[in-house]
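The discussion takes the form of questions and answers.

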Amino acid sequence: MTVDITINGQLHQLDIEPDTPLLWVLRDELGLTGTKYGCGLAQCGACTVLVDGQPTRSCVTPVDAVAGSQIMTIEAVTQDPVGQKVVEAWVSQQVAQCGYCQSGQVMAATGLLKQTPKPSDEDIAAAMVNLCRCGTYNAIAAAVRHAAQA
């Protein structure tokens, strides 16, 4: 089956099974490896991308469910003004340690700030639920606050 999806502003026509997880399309079919595989159960958030501006766990999202949607991955996040602010805040706050979860964290933060430009601490806590094995949650929250003020 041919599925048309738009990723980072570029239309892709893929001959693929419609129930293929978006994560595998991104990584295996398109070579966009910035989106990470973590748990495969939509629990850790390492695979988070934005689908029409909404943070979405790509490991459990079938590709046919996002046909016709605008998908943004970490590879294009700095092309978005909000995403650029988030990346700058991540660097200035020195958030990353091992870095494995960071692409999903940045995408979740970008989605939050696109929906809620001036989030409260409660908004940040509710939105930033991706797992971080290094425990950088305080630095993540500080970076989100920093990006919101930028």
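**Backbone, fold and cysteines**

Alanine 42 is found in the loop that joins helix 1 (22-29) to strand 3 (48-51); helices (H or I, at least four residues) and strands (E, at least two) are DSSP runs numbered from the N terminus. This is a predicted model, in which local features need pLDDT of at least 70, side-chain atom pairs count only at pLDDT 80 or more, and totals for chains, interfaces and linings use all residues. Residues are numbered from 1 along each chain as its sequence is written, and side-chain values use heavy atoms, with hydrogens and water left out.

Student: What is the phi of alanine 42?
Tutor: Most residues other than glycine have a negative phi. Alanine 42 is not a glycine, yet its phi is positive, at about 65°.

Student: Is alanine 42 buried or exposed, or partly exposed?
Tutor: Buried means under 20% relative accessible area, exposed over 50%, and partly exposed in between (1.4 Å probe, protein chains only). Alanine 42 has a relative accessibility of 25%, so it counts as partly exposed.

Student: Which loop holds asparagine 8?
Tutor: Asparagine 8 is a residue other than glycine with a positive phi, near 55°. At 24% relative accessibility, it counts as partly exposed. Its loop is the one between strand 1 (2-7) and strand 2 (10-15).

Student: In what order do the elements of the protein run from the N terminus on?
Tutor: The protein has 5 helices and 5 strands. From the N terminus on, their order is β-β-α-β-β-β-α-α-α-α.

Student: What radius of gyration does the protein have?
Tutor: The radius is taken over C-alpha atoms, and the globule rule is 2.2 Å times the number of residues to the power 0.38. For 150 residues, a compact globule would have a value near 15 Å, and the protein agrees with this at 15 Å.

Student: How many disulfides does the structure hold?
Tutor: A disulfide is a pair of cysteine sulfur atoms within 2.5 Å. The sulfur of cysteine 59 has its closest cysteine sulfur in cysteine 47, at 3.7 Å, which is too far for a bond. For cysteine 134, the closest cysteine sulfur is in cysteine 98, also too far for a bond at 3.7 Å. The number of disulfides is 0.

Student: Is cysteine 59 buried or exposed?
Tutor: Cysteine 134 is partly exposed, with a relative accessible area of 29%. The relative accessible area of cysteine 59 is 9%, so this residue is buried.
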